[in-house]
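Please read it alongside the sequence and the structure.

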Amino acid sequence: MPVQVKDELIPRSLMLLCLGAAVSLAIVQWGGVIPRSSRQPVGIVRADHQSVTVTTPPSPPPMASPQPVSTTVPESGMRLVVKLSDRHVYLYKDNKALNQYPLAVGQDGWETPTGIHQVLDKEQNPAWIHPITGVETPPGPNNPLGKAWIGFWTDGKTEIGFHGTNQEELIGQAVSHGCLRMRNEDIEDLYAQVDEGTPVIVEP
């Protein structure tokens with residue numbers, strides 16, 4: 001009988017040893033789990049009607065610095081340089097000044113946008129739409145845009161450009177809604193010399 005007891009103790013010891021190892025392993029595994037209360041918040045649920053994905057929201061990227069306005073201007077070909085301070089536009093070709101024309105510029109609150117632009121569109125005898133009232137004036141002697149239009153800036157709703165005027169006595173003053181007014185003979189002369197894509201540099 002004593003031999004039989006010893007034989008029974010060996011399997012029981014092995015069982016207890018295995019059970020202890022299993023319990024220890026479970027403790028180690030469960031001990032590594034972060035309590036739900038201290039986990040990161042569940043992320044954003046995105047559904048496209050085909051699948052649902054749960055993701056942890058990424059940290060917001062650092063704020064990007066505003067990109068500087070490009071100062072690259074072709075060294076050859078035509079370009080226009082507007083100097084708001086002396087209210088003139090200068091026409092250059094291959095770095096040689098060909099002509100200059102006096103301007104009326106944007107008034108306070110409607111300043112002409114500075115920077116590097118380009119001719120976007122051209123039109124002879126344009127209609128004019130008032131930027132505040134929306135009333136349209138057809139081509140003719142009463143049209144504030146005069147005989148031609150050379151646009152170089154837009155925000156998708158409003159356009160700004162060079163144009164003629166029916167009030168040539170105001171040339172040289174800050175009276176426009178951002179546009180650059182010219183004498184009708186001057187805008188016609190400029191119109192004939194620039195194309196879409198011609199750089200327009202507007203300086204303070």
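Glu188 is partly exposed at 39% relative accessibility, a class that lies between buried (under 20% relative accessible area) and exposed (over 50%), with a 1.4 Å probe and protein chains only. This is a predicted model, in which local features need pLDDT of at least 70 and side-chain atom pairs count only at pLDDT 80 or more, while totals for chains, interfaces and linings use all residues. Residues are numbered from 1 along each chain as its sequence is written, and side-chain values use heavy atoms, with hydrogens and water left out.

Glu188 sits in helix α2, residues 184–191, where helices are DSSP runs (H or I) of at least four residues and strands are E runs of at least two. Together with Glu168, Glu169, Glu185 and Asp189, Glu188 forms a negative surface patch; patch members have over 30% relative accessible area and no salt bridge, and like charges are joined within 9 Å.

The structure holds two salt bridges, each being a side-chain nitrogen of Lys or Arg within 4 Å of a carboxyl oxygen of Asp or Glu.

| Salt bridge | N to O distance |
|---|---|
| Lys83–Glu203 | 2.9 Å |
| Arg183–Asp186 | 3.1 Å |

Because Lys83 lies in strand β3 and Glu203 in strand β15, their pair ties together parts that are 120 residues apart in sequence. In the other pair, Arg183 is partly exposed at 31%, whereas Asp186 is buried at 8% relative accessibility.

Conventions: Patches are made of residues with over 30% relative accessible area and no salt bridge: like charges are joined within 9 Å, nonpolar side chains (Val, Leu, Ile, Met, Phe, Trp, Tyr) within 5 Å. Accessible areas come from the Shrake-Rupley method with a 1.4 Å probe; for residues, only the protein chains shown count as cover. Lys and Arg count as positive and Asp and Glu as negative; His and the chain ends are not counted. The place of a charge is taken as NZ of Lys, CZ of Arg, CG of Asp or CD of Glu.
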